[in-house]
Amino acid sequence: MVARMDQNRITIFDTTLRDGEQSPGASMNLDEKVRIALVLEEMGVDVIEAGFPIASNGDFEGVSAVARAVTKATVCGLARATRGDIERCAEAIRPAERGRIHTFISTSPLHMKFKLQMEPDKVLQAVKDSVGMARKLCDDVEWSAEDGSRTEHDFLCRCVEAAIAAGARTINIPDTVGYAVPDEYGALIAMLFNRVPNIDQAVISVHCHNDLGLAVANSLAAVNNGARQVECTINGLGERAGNAALEELVMALRTRHDRMPFTTGVKTENIIRASKLVSAITGFVVQPNKAIVGANAFAHESGIHQDGVLKNAQTYEIMTPESVGLNRSTLVLGKHSGRAAFKSKLKELGWDLGDNAVEDAFRRFKDLADKKKEVFDEDIEALVDDEVLRANDRIRFVSLEVVCGSKHRPPSASLELEVDGETRAHTATGDGPVDATFNAIKALFPHEVRLQLFQVNAVTQGTDAQAEVTVRLEEDGKTVNGQSADTDTLVASARAYVNALNKLLVKRQKTAPEALSA
Ligand code: KIV
Ligand code: ZN
């Protein structure tokens with residue numbers, strides 16, 4: 001029997017750095033992974049899945065770096081059911097105070113026949129062998145039945161029983177393709193509790209994908225039927241339509257404690273900070289109407305709603321903005337604000353930067369304050385993200401001048417970039433100012449990529465608002481997102497393109513000959 005302190009405590013297993021990073025374009029470098037891991041740990045996440053160590057040297061290093069940096073949360077690495085994967089995973093998590101090997105194999109008829117080309121008996125043997133092998137290297141082993149929700153029940157019960165007997169402490173039943181519906185998925189978990197004789201020796205976990213928009217509902221149905229670990233990601237990032245969103249799960253449990261008497265260790269006031277950091281690092285913009293973390297999640301537009309909220313916030317707010325970390329602070333900085341006010345603002349927003357980074361950010365803040373009457377929290381966040389995320393870039397933006405709007409001359413962009421420490425300049429023309437700017441970048445750093453997305457959003461209101469630009473580039477099937485913000489939309493566009501290009505260069509270095517997507 002697994003000893004649990006509190007039968008209703010749900011373990012939060014965050015896989016933003018593994019399944020989340022598998023979203024097309026959401027690559028993260030080592031420093032970025034560590035920064036996210038530290039924010040997750042501070043937020044109270046129990047288990048951080050940091051990567052898939054066999055997938056590439058970059059993934060291995062990322063898991064190791066997170067294992068070294070994190071002290072309170074368990075650090076987990078993913079491994080297929082092979083000796084090579086499991087040994088590499090064990091090596092990557094070795095520096096962790098608390099490490100976990102998460103090994104998996106497909107168990108559904110479809111996956112066994114077409115993906116693995118293995119008979120069920122061979123898969124069952126692989127479950128026993130892989131879990132046994134992992135247990136020799138690490139006490140904390142999780143086993144997943146990939147495509148578990150489409151697995152035949154008798155076979156699933158036999159695999160789960162075998163994995164527990166071989167030493168798995170956590171058994172995960174993923175809805176890998178987001179096919180399940182809540183009552184069916186809840187019943188699947190109940191079925192395991194009824195039929196697997198040694199089920200009380202493991203924690204049952206769920207991992208739901210969001211292809212039908214049901215990932216959170218399915219996870220909660222599973223919790224209501226005995227699951228005590230949920231796997232999720234910040235902002236619902238993940239393969240295809242993503243995974244269950246951590247913020248939605250945790251806030252549903254907190255807000256509807258009357259119907260679901262379960263607790264988590266997550267300090268919900270840290271949610272917005274984590275969401276913003278993941279969005280800035282991956283370049284995945286959060287949709288405005290996204291539950292909990294969208295820009296409109298606590299905004300009231302209609303007069304009737306505004307009136308109600310002013311009289312009593314509970315009329316239209318089921319949770320307070322403060323409970324997710326949105327403070328209504330109105331400390332607005334302007335061009336007369338000094339270093340001390342700026343530093344205290346950074347602290348209030350949760351940034352702990354070194355002296356040089358503070359100086360650089362302060363310089364950019366002063367430039368911004370010269371152009372913009374009032375500088376809001378969102379402006380400071382966009383600016384600091386920009387500064388911190390570019391620390392290790394090979395290509396750096398220096399300056400841009402654009403001529404456009406004339407009938408007689410084609411739009412042109414004169415751009416200066418620093419490439420590996422050397423300043424290069426070029427003037428290019430194009431179909432418009434953005435096209436000219438991107439042509440200048442291509443001339444200064446020749447490359448063949450496909451521009452998949454160019455998107456502009458205003459960070460705050462007003463014509464002097466900063467523009468936040470996202471650029472998605474694709475090369476040989478690999479995609480990356482770059483982001484930047486500036487009051488000048490064209491400067492933000494150039495910086496966002498350069499940011500994406502830097503990410504692509506990092507991605508090129510990641511070699512993954514033996515990797516398979518999980
Ligand atoms: O979706 C899935 O099945 C997975 C497993 C590897 C847990 O990501
Ligand atoms: Zn998954």
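This note sets out numbered points on a predicted model.

1. Basis. Local features in this predicted model need pLDDT of at least 70 and side-chain atom pairs count only at pLDDT 80 or more, whereas totals for chains, interfaces and linings use all residues. Residues are numbered from 1 along each chain as its sequence is written, chains are lettered from A and ligands numbered from 1 in the order in which they are written, and side-chain values use heavy atoms, with hydrogens and water left out.

2. Zinc site. Asp 19 (OD), His 207 (NE2) and His 209 (NE2) coordinate the zinc ion (ligand 2) at 2.0 to 2.1 Å. Donors are N, O and S atoms within 2.8 Å of the metal (3.2 Å for Na, K and Ca); water is not among the atoms, so the site may look incomplete. Along the chain the donors of this zinc ion are spaced D-x187-H-x1-H. Asp 19 belongs to the loop between strand E1 (11-14) and helix H1 (30-43), and His 207 to strand E7 (residues 203-208), so the pair ties together parts that are 188 residues apart in sequence. Helices (H or I, at least four residues) and strands (E, at least two) are DSSP runs, numbered from the N terminus. Asp 19 and His 207 are both buried, where buried means under 20% relative accessible area, exposed over 50% and partly exposed in between (1.4 Å probe, protein chains only).

3. Aromatic pairs. The structure holds 6 aromatic pairs. Rings of Phe, Tyr and Trp (its six-membered ring) pair if their centres lie within 6.5 Å; planes under 30 degrees apart count as stacked, over 60 as edge-to-face and the rest as tilted. The ring centres of Phe 342 and Phe 362 are 5.5 Å apart with the planes at 55°, so this pair is tilted. Because Phe 342 is in helix H12 (residues 339-348) and Phe 362 in helix H13 (residues 355-371), the pair ties together parts that are 20 residues apart in sequence. Phe 362 also forms a tilted pair with Phe 365, at 6.0 Å centre to centre and 35° between the planes. Phe 362 and Phe 365 are 3 residues apart in helix H13, about one helical turn. Phe 342 is buried, as are Phe 362 and Phe 365, and the three form one aromatic cluster.

4. Charge over a ring. The charged end of Arg 88 sits over the ring of Phe 60, 3.7 Å from its centre. The criterion is NZ of Lys or CZ of Arg within 6 Å of the ring centre and within 35 degrees of the ring normal.

5. Cysteines. There are 0 disulfides in the structure, a disulfide being a pair of cysteine sulfur atoms within 2.5 Å. For Cys 76, the closest cysteine sulfur is that of Cys 89 at 6.6 Å, too far for a bond. Cys 76 is buried, at a relative accessible area of 0%. For Cys 157, the closest is that of Cys 159 at 9.5 Å, also too far for a bond. Cys 157 is buried at 7% relative accessibility.

6. Helix H9. Of the 10 residues in helix H9 (residues 246-255), 7 are buried. The buried residues pack against E1, H1, helix H8 (215-224), strand E8 (229-232) and helix H10 (271-282); contact means heavy atoms within 4.5 Å.

7. Backbone points. Arg 240, not a glycine, has a positive phi of about 50°. Arg 240 is in the loop between E8 and H9 and is partly exposed, with a relative accessible area of 47%.
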